[in-house]
Amino acid sequence: MPETVLIPRTKTQPKTERPKLYKVILVNDDFTPREFVVTVLKAEFKLSEDQAHRVMITAHTRGVCVVAVFTRDVAETKATRATDAGKAKGYPLLFTTEPEE
Ligand code: NFA
C-alpha cells in the first residue's frame with residue numbers, strides 16, 4: 001500500500017500594519033454657546049453628557065482639547081460634520097484633525 005506523504009502548509013501570514021490614527025481636536029472660540037458644543041460632541045462623537053462637558057470645558061479653558069482618535073477618513077469626516085453643524089447655526093465652532101505621533 002502506497003504511503004500518504006503529508007506536506008505541511010507553511011504559508012506565512014504577512015504582518016498586518018496598523019493604520020495610523022488621527023486626533024480630532026476641538027478648538028475654543030468666544031461665540032459658540034457651551035451647551036451647543038456639548039450637544040455636537042454627544043451627537044457626532046457619541047460622548048456621554050459628562051464626557052462632552054469635560055471636553056468642552058477643557059477646550060474652553062486651555063484653548064484646545066482632543067475629542068477622540070480615529071483612522072484618517074473617520075476623523076476627517078467627523079471633524080467636518082461637527083464643524084458644519086456649527087456653521088449651520090452661524091457659529092465659528094471648529095474641529096481639526098492631526099496625526100498621532
Ligand atoms: N468659549 C465658548 C463660550 O464661552 C464655549 C466653547 C467651548 C466654544 C469649547 C468652543 C469650544 N461660549
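The side chain of Thr32 reaches the backbone nitrogen of Leu93 at 3.4 Å. That is a polar contact: a pair of N or O atoms within 3.5 Å, where within protein one must be able to donate a hydrogen and the other to accept it, and residues adjacent in sequence count only if both atoms are side-chain atoms. Thr32 sits in the loop between E1 and H1. Helices (H or I, at least four residues) and strands (E, at least two) are DSSP runs, numbered from the N terminus. Thr32 counts as buried because its relative accessibility is 11%. Buried means under 20% relative accessible area, exposed means over 50%, and partly exposed lies in between (1.4 Å probe, protein chains only).

A word on the model itself. It is predicted, so local features need pLDDT of at least 70 and side-chain atom pairs count only at pLDDT 80 or more, while totals for chains, interfaces and linings use all residues. Residues are numbered from 1 along each chain as its sequence is written, and side-chain values use heavy atoms, with hydrogens and water left out.

Now turn to the ligand. Which residues surround the ligand? They are Leu26, Val27, Asn28, Asp29, Thr32, Arg34, Val37, Met56, Ala59 and His60. A residue is near a molecule or strand if one of its heavy atoms lies within 4 Å of it. Thr32, where we began, is one of this group.

Look at the shell by class. It has five nonpolar, three polar and two charged residues. Here Ala, Val, Leu, Ile, Met, Phe, Trp, Tyr, Cys and Pro count as nonpolar, Asp, Glu, Lys and Arg as charged, and the others, Gly among them, as polar. Strand E1 (21-27), helix H1 (34-45) and helix H2 (49-62) each give the shell at least two residues. The largest share, three residues, comes from H2.

Next come the ligand's nitrogen atoms. An N or O atom in the side chain of Asn28 is 2.7 Å from a nitrogen atom of the ligand. For Asp29, a backbone N or O atom lies 2.7 Å from a ligand nitrogen. In His60, a side-chain N or O atom is 2.9 Å from a nitrogen atom of the ligand. How much of the ligand does the protein cover? On its own, the ligand has 330 Å² of accessible area, and the protein covers 88% of that. Accessible areas come from the Shrake-Rupley method with a 1.4 Å probe; for residues, only the protein chains shown count as cover.

Move on to charge. Side chains of opposite charge can pair when their charged atoms come close. A salt bridge is a side-chain nitrogen of Lys or Arg within 4 Å of a carboxyl oxygen of Asp or Glu. The whole structure holds eight salt bridges.

Start with Lys23 and Glu98. Their side chains meet in a salt bridge at 3.2 Å, N to O. This pair links distant parts of the chain: Lys23 is in strand E1 and Glu98 in strand E3 (residues 94-99), 75 residues apart. Lys23 counts as buried because its relative accessibility is 14%. Glu98, at 35% relative accessible area, is partly exposed. Together with Glu101, Lys23 and Glu98 are linked in a network of salt bridges.

A second pair joins two helices. Glu44 forms a salt bridge with Arg81, with the closest N and O atoms 2.8 Å apart. Glu44 lies in helix H1 and Arg81 in helix H3, 37 residues apart, and again the pair links distant parts of the chain. At 11% relative accessibility, Glu44 is buried.

Asp84 and Lys87 form a salt bridge, their closest N and O atoms being 3.8 Å apart. Both lie in helix H3, three residues apart, which is about one turn of the helix. Asp84 is partly exposed at 37% relative accessible area, whereas Lys87 is exposed at 57%.

Lys46 has a positive phi of about 55° although it is not a glycine. Where is Lys46 found? Lys46 is in the loop between H1 and H2. With a relative accessible area of 68%, Lys46 is exposed.
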